[in-house]
Amino acid sequence: MLGDSGSKVQNIKYVAVARSSDQVTVASFMPEKGDHNSDQYHNAVQEVLSAPDFQYKVTPGSRYRLVGDINAFNFTTDAQQRVYIVITTIDYPERLVFPLINEIIPQFKQELGDKALTCEGNALTKKTEPLFSKLVKEYDDPTKKDKLSAVISKVEDVKLTMHSNIDGMLRNIDHTEQVEKTTAKLHEQAKLFDQQARTIKRQEQWKNMKLMLIIGGIFVIVLIIIIAALASGNGN
């Protein structure tokens, strides 16, 4: 899309990081240098951040999109009350603006996250310009980004399929190992059962032997008594 001068009209108008605690913008970037709406973007940020109880009503990690007549104000926050803002044309797809913000967040935190909590206004603007410029160039044209997203999506699908296949193989291996462990455990239990059975059998055999000895002893005693009684009777 071209303007009267032949220059490309930016879909992404403004990128910024601010603190909700004191409404200070710590870094900002305008892709279109000399944009006469720059004050309007700054004022919009201040207006949103100054809303009553903003830092208490906005949930960290949630996505917010405020649509005006020309532009859309897109933002999210983190747990440290940093606000990540991207102002775009109203036609710019929401499906792309928040992935853009999600790419800004980790890179910004890694490089300047702690400084953003205490620095003065726009103190990080120059340091963030390379990052913001790179991502804006990557995301500004939705058609190009959609093609790239389609390719990335296909790659991710292939990776997901490969991971699923690998997970399936690992599950089969785990299942086989589990079967082997279960078989070994059952074998050990069978051996223990055989040992216990043999022990019980020996105990029962010993009990039967003692009983037979007792019965045999009683029989011998009774026989001796009878023989003694008969001998005594014959003597008389």
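Buried means under 20% relative accessible area, exposed over 50%, and partly exposed in between (1.4 Å probe, protein chains only). The model is predicted: local features need pLDDT of at least 70, side-chain atom pairs count only at pLDDT 80 or more, and totals for chains, interfaces and linings use all residues. Residues are numbered from 1 along each chain as its sequence is written, and side-chain values use heavy atoms, with hydrogens and water left out.

**View 1. Salt bridge between Arg 65 and Glu 94.** A salt bridge is a side-chain nitrogen of Lys or Arg within 4 Å of a carboxyl oxygen of Asp or Glu. The two side chains meet at 4.0 Å, N to O. Glu 94 lies in helix 3 (residues 94-112) and Arg 65 in strand 3, so the pair ties together parts 29 residues apart in sequence. Helices (H or I, at least four residues) and strands (E, at least two) are DSSP runs, numbered from the N terminus. Arg 65 is partly exposed, with a relative accessible area of 23%; Glu 94 is also partly exposed, at 42%.

**View 2. Salt bridge between Lys 33 and Glu 129.** The N to O distance is 3.8 Å. Lys 33 sits in the loop between strand 2 (24-29) and helix 1, while Glu 129 belongs to helix 4 (residues 125-139), 96 residues apart. Lys 33 counts as exposed at 60% relative accessibility, and Glu 129 as partly exposed at 34%.

**View 3. Network of Asp 78, Arg 82 and Lys 109.** Salt bridges link these three residues. Arg 82 is buried, with a relative accessible area of 4%, and Asp 78 counts as buried at 8%.

**View 4. Strand 4 and its neighbours, strand 3 and strand 5.** Seven of the seven residues of strand 4 (residues 71-77) are buried, so the strand is largely enclosed by the rest of the structure. Asn 71, Phe 73, Phe 75 and Thr 77 point one way, and Ala 72, Asn 74 and Thr 76 the other. Two strands pair if DSSP finds at least two bridges between them. Strand 3 (residues 64-67) runs antiparallel to strand 4, joined by four bridges, with Val 67 partnered by Ala 72. Strand 5 (residues 82-89) is also antiparallel to strand 4, through seven bridges, and Asn 74 stands opposite its Val 86. Four residues lie between strand 4 and strand 5 in their hairpin, where Gln 81 in the turn has a positive phi of about 65°.
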